[in-house]
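Here is a walk through one model, helix by helix. Keep the coordinates open as you read.

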Amino acid sequence: AARNLNNLTAFLSKASEMGLSGDVIAEGTKLQDQLKKEQAAAKQLSEAINKRDLDVINAAIAKAESVGLAADAKELTDAKALKATIENELAILAKLKAACEARDESA
């Protein structure tokens, strides 16, 4: 079953109104905190993708992994794919620059 932050928050709120407490409520609150962290990490990944900045993408990936965002989460897989693309582009640019410099030296 998918973990749904909105439903969990509503259930915890209702439980609080009813004066319920105990291990189940504590575990629910802990899960709520985890889901909030994962949601924030996914948002950070989406923003990093839009910026196309390798440092920002690397930081967002590290954050997502540190909070336990699922490895197959769309935002994380998209960010890792973009990271690979940018790194490939940078490698090609470096090779082109070196080739141009070598040609200038031989002229």
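The expected span of a helix is 1.5 Å times one less than its number of residues. Keep that rule in mind for this predicted model. Helix α2 covers residues 23–51, a run of 29 residues. At 1.5 Å a residue, α2 should therefore span 42 Å. Its end C-alpha atoms are 42 Å apart, so expectation and model agree. Just after α2 comes R52, with a positive phi of about 55°.

Which residues of α2 are buried? They are G28, Q32, L35, E38, A41, A42, L45 and A48. These buried residues pack against three helices: α1 (5–17), α3 (54–67) and α4 (74–106).

Take Q32 of helix α2. Its relative accessibility is 12%. Buried means under 20%, so Q32 counts as buried. What does Q32 touch, leaving aside its neighbours within four places in sequence? Its contacts are L5, L8, T9 and L12.

L45 is another buried residue of α2. Residues up to four places away in sequence are again not counted. L45 then touches A60, I61, A64, L69, E75, L76 and A79.

Now follow α3 to its partner α4. The axes of these two helices come within 10 Å and cross at roughly 150°. The crossing of α3 and α4 is left-handed. On the α3 side, the contact is made by L54, I57, N58, I61, A64 and E65. On the α4 side, L76, A79, K80, L82, K83, I86, E87 and L90 take part. What is the make-up of the contact of α3 with α4? Its residues divide into 9 nonpolar, 1 polar and 4 charged.

One more residue of α3 deserves a look: V56. Is V56 buried or partly exposed? Its relative accessibility is 30%. V56 touches A48 and K51, not counting residues up to four places away in sequence. Compare V56 with V24. The two are 32 residues apart in sequence. In space, they are 38 Å apart, C-alpha to C-alpha.

Notes
Residues are numbered from 1 along each chain as its sequence is written. This is a predicted model: local features need pLDDT of at least 70, side-chain atom pairs count only at pLDDT 80 or more; totals for chains, interfaces and linings use all residues. Side-chain values use heavy atoms; hydrogens and water are left out. Helices (H or I, at least four residues) and strands (E, at least two) are DSSP runs, numbered from the N terminus. Buried means under 20% relative accessible area, exposed over 50%, partly exposed in between (1.4 Å probe, protein chains only). Contact means heavy atoms within 4.5 Å. Axes are lines fitted to C-alpha atoms, for helices over the stretch in contact, and angles run from 0 to 180 degrees between N-to-C directions. A crossing is left-handed if the near helix is turned anticlockwise from the far one by less than a right angle, and right-handed if clockwise. Ala, Val, Leu, Ile, Met, Phe, Trp, Tyr, Cys and Pro count as nonpolar, Asp, Glu, Lys and Arg as charged, and the others, Gly among them, as polar.
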